[in-house]
Amino acid sequence: MAVISDKVEAARSCDERRCDQRVLVPLSMRVSISRDGHMVSETTKTVNVSAGGAYFGSDVDFNVGENVLISIGVPPAVYIASPLAEFSGPATVVRVNRESP
């Protein structure tokens, strides 16, 4: 089991990134970033989500301002129109908390 030492917040544009209510919910999430011409991808879980972003644990060393691609799986109990919905799109890392394991 890997020790998750970074918490990363990736948010779509919002003048005040904390303007939306956060919901503590662990959703499956895939984060991808291009580094030195190679795609680095990680599957993780959200800690909390809002309409403007997601806060999640990561083993990848993200930096504030980096552009990433995110895909968040939403279970059918939340998104009734489909058995499994996935919200995907570009995002920007707006905050990184580095914690000691």
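How does arginine 35 count by relative accessibility: buried, partly exposed or exposed? I looked this up in a predicted model and found 24% relative accessibility, so arginine 35 counts as partly exposed.

**Confidence.** I checked pLDDT before reading further. The chain averages 76, and 70% of the residues score at least 70. Strand β2 (residues 28–35) has the highest confidence, at 93, whereas strand β1 (residues 6–11) has the lowest, at a mean of 52. Over residues 1–6 pLDDT stays under 50, and the model has 18 contacts beyond four places in sequence for them. Where pLDDT is low, the predicted coordinates should not be read in detail. I left that segment there.

**Salt bridges.** I counted two salt bridges. In one of them, arginine 35 meets glutamate 66, with 2.9 Å from N to O. This pair links distant parts of the chain, 31 residues apart: arginine 35 lies in strand β2, glutamate 66 in the loop between β4 (53–58) and β5 (67–74). Glutamate 66 has a relative accessible area of 18% and is buried, because the cut-off for buried is under 20%.

I then looked at aspartate 61 and arginine 98, whose closest N and O atoms are 3.2 Å apart in a salt bridge. Aspartate 61 is in the loop between β4 and β5 and arginine 98 in strand β6 (residues 85–98), 37 residues apart. Aspartate 61 is partly exposed at 44%, and arginine 98 is partly exposed at 47%.

**Aromatics.** I found one aromatic pair. Phenylalanine 56 and phenylalanine 62 sit edge-to-face, 6.3 Å centre to centre with 85° between the planes. Phenylalanine 56 is buried at 1% relative accessibility, and phenylalanine 62 is buried at 2%.

Key. Residues are numbered from 1 along each chain as its sequence is written. This is a predicted model: local features need pLDDT of at least 70, side-chain atom pairs count only at pLDDT 80 or more; totals for chains, interfaces and linings use all residues. Side-chain values use heavy atoms; hydrogens and water are left out. Rings of Phe, Tyr and Trp (its six-membered ring) pair if their centres lie within 6.5 Å; planes under 30 degrees apart count as stacked, over 60 as edge-to-face and the rest as tilted. Buried means under 20% relative accessible area, exposed over 50%, partly exposed in between (1.4 Å probe, protein chains only). pLDDT is the predictor's confidence in each residue, from 0 to 100. Helices (H or I, at least four residues) and strands (E, at least two) are DSSP runs, numbered from the N terminus. Contact means heavy atoms within 4.5 Å. A salt bridge is a side-chain nitrogen of Lys or Arg within 4 Å of a carboxyl oxygen of Asp or Glu.
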